Amino acid sequence: MPALVNQLINLFAAVLLLLSFGLLAQRRVLSLIHLFTLQGATLTASTTVMAYFTDQPHLYYSAALTFVLKVLAMPWLLHRMIERLDVRWDVETLINIPTTMLVGIVLVIFAFNLALPISGLSASVARGTLGIALACVLLSFLMMITRRKAIPQVIGFLAMENALFFAATSATYGMPMVVELGIALDVLVGMIILGVFMFQIREQFDSLDIRHLEKLKEE
Amino acid sequence: MTAESFIAQLVAVALAVLGAPLLTGWVNQCRAWLQNKSAPPLLLPYRTLHKLFWKESVVAEQATALFRGAPYIVFGAMVLACGIVPSLSTDLPLAPAADAIALVGLFALARVFMSLAAMDIGTAFGTLGARREMLVGFLAEPALLMVLFTAAFITQSTSLAAIVETIANQEFAIYPSLAFAGVAFTMVSLAENARVPVDNPATHLELTMIHEAMILEYSGRHLALMEWAASLKLFAYSCIGLAIFFPWGIAQERDLAGILLAAPVLAGKLAIGGAALAVIETLSAKMRIFRVPEFLAGAFLLAVIGILVHFLLGA
């Protein structure tokens, strides 16, 4: 039933977009991690559905990889990090959430228009979702721009990787396995390095506010 | 326009008017259970209405006719709204009189009169409540319209009865845009019905109250009508939500058997919906009034994304 598959993939894409907006509007660090975990779970589900209905066995491996990395490993690392940095209940003051949301809508419209001619070239069942994936990437960018603290920025970075992965799956049935493994491990290693960075930032400035980094200038 | 459809209309209105306090009682009961309190009886709203109708109505000396008339106008608007919403059957003689946009206007009419009546007395609380209500209302209305527009785009009609018929009759399909609209609609309903994240319906002892502040000066039969209208509003919103997002089980034939069959289905759906409302209310904390615009901007945004997703995915 290709119609139902299409609808399911569209539904997952919509949920991803919803979660991206959730990440954009969320103030609490702990809720951010929960939203990120949900995003990973949605991604796993959509990849599995895609693999099952398009008969592409390598997508199962991607789904398994996504599940292990983005639903189990990354959230666990993040939880441990906020535990040790003692920022578990951190609340960040954001610049005017409704304005950020409106900028988000503009980005979504832009992404949809941008993706419209591209998705015409694709032959995948889920080509309509390319616009949504692109919108998620841009929203994660926006999240990284509007955040001041280090951990939400890292979560924005990870969410962007999620969106890119979804774009690859929806447009071309996934990247070659080697590339996918490479990216996944890159993100994991990047995550660990960023964790070390965060500890260093706090050592130096007694805070995770990245505005302090601007002072690092040689006279 | 047959005799059957008139009977269907009458049954729908009667059920709404008589059943709305029951829904309120059910939500209150669920709330009490979830909060580990001993629950008030299910029929308590009826007893309250009965008590209030037999009490003397005290009106302030400076009150004008507007203050006295407002409860009747608000109650009338809510009854009419319940008549338009297809709760039991889509074959309603009143339905062509007003589409989804007019329905939003009807709610706005009730809100304006309630706010004017609250300001009429000139007490601080009434004015404060009216201002807050207008703030919430002007933010919630566009979001509600956008939700209804999403459904209207999918079904190519702004008439609620036509929307329900189209969605219920076609083969099963998942609409991501309707999922967005559903979340937005839930948020708007919470704000419009003065439920917990926006307002607390259980107390009138707080400085943060909105709805209760407006009806503070009412007593006796006027208060009874206002309380009844609030129940009707909750009932109407629940029925709109159920009709657009879960339209299965609503009768479309012009016979009474279908309506009789639809009634228990509606009761079941309302019971689940009421319990879900109680869960939401228990899980969330009341927001500061200045967070409300953020909350409703979120609802508006979700509804707009729903429309955008509809155009992009064609679904």
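**Exercise 1.** Determine how many helices and strands make up the secondary structure of chain A, and in what order the elements run.

*Solution.* Start with the count: in this predicted model, chain A has seven helices and zero strands. Next, follow the chain from the N terminus, where the elements run α-α-α-α-α-α-α.

**Exercise 2.** Decide how the radius of gyration of chain A stands beside the value from the globule rule, and describe the box that the chain fills.

*Solution.* First take the length of chain A, 219 residues, for which the globule rule gives 17 Å. Then set beside this the radius of gyration of the chain, 18 Å, which is close to the rule, so chain A is as compact as a globular protein of that length. Finally, turn to the principal axes, along which the C-alpha atoms of chain A fill a box of roughly 60 × 35 × 35 Å.

**Exercise 3.** Work out what share of chain A is buried, and what share of its contacts joins residues at least 24 apart.

*Solution.* For burial, a residue needs 20 or more other C-beta atoms within 10 Å of its own, and buried residues make up 42% of the 219 residues in chain A. For the contacts, consider those between residues at least 6 apart in sequence; of these, 73% join residues at least 24 apart.

**Exercise 4.** Carry out the corresponding steps for chain B, covering its elements, radius of gyration, box, burial and contacts.

*Solution.* The count for chain B is eleven helices and zero strands, and read along the sequence the pattern is α-α-α-α-α-α-α-α-α-α-α. A compact globule of 315 residues would have a radius of gyration near 20 Å, and the 19 Å of chain B agrees with this. The C-alpha atoms of chain B fill, along the principal axes, a box of roughly 60 × 45 × 40 Å. Of the 315 residues in chain B, 50% are buried, while 81% of the contacts with a separation of 6 or more are between residues 24 or more positions apart.

**Exercise 5.** Describe the side of chain B that touches chain A, by its elements and by its classes of residue.

*Solution.* Begin with the contacts themselves, in which 17 residues of chain B meet 19 residues of chain A. The elements of chain B that give two or more residues to this side are helix H7 (176-192) and helix H11 (292-313). The largest share, eleven residues, comes from H11(B). Sorting this side of chain B by class, one finds 15 nonpolar residues, one polar residue and one charged residue.

How values were computed:
Residues numbered from 1 in each chain as written. Chains lettered and ligands numbered in written order. Predicted model: local features only at pLDDT ≥ 70, side-chain atom pairs only at ≥ 80, totals over all residues. Helix = DSSP H or I, 4+ residues; strand = E, 2+ residues; numbered from the N terminus. Rg over C-alpha atoms; globule rule 2.2 N^0.38 Å. Buried ≥ 20, exposed ≤ 12 C-beta atoms within 10 Å, placed from the backbone. Contact = placed C-beta atoms within 7 Å. Nonpolar A, V, L, I, M, F, W, Y, C, P; charged D, E, K, R; others polar.
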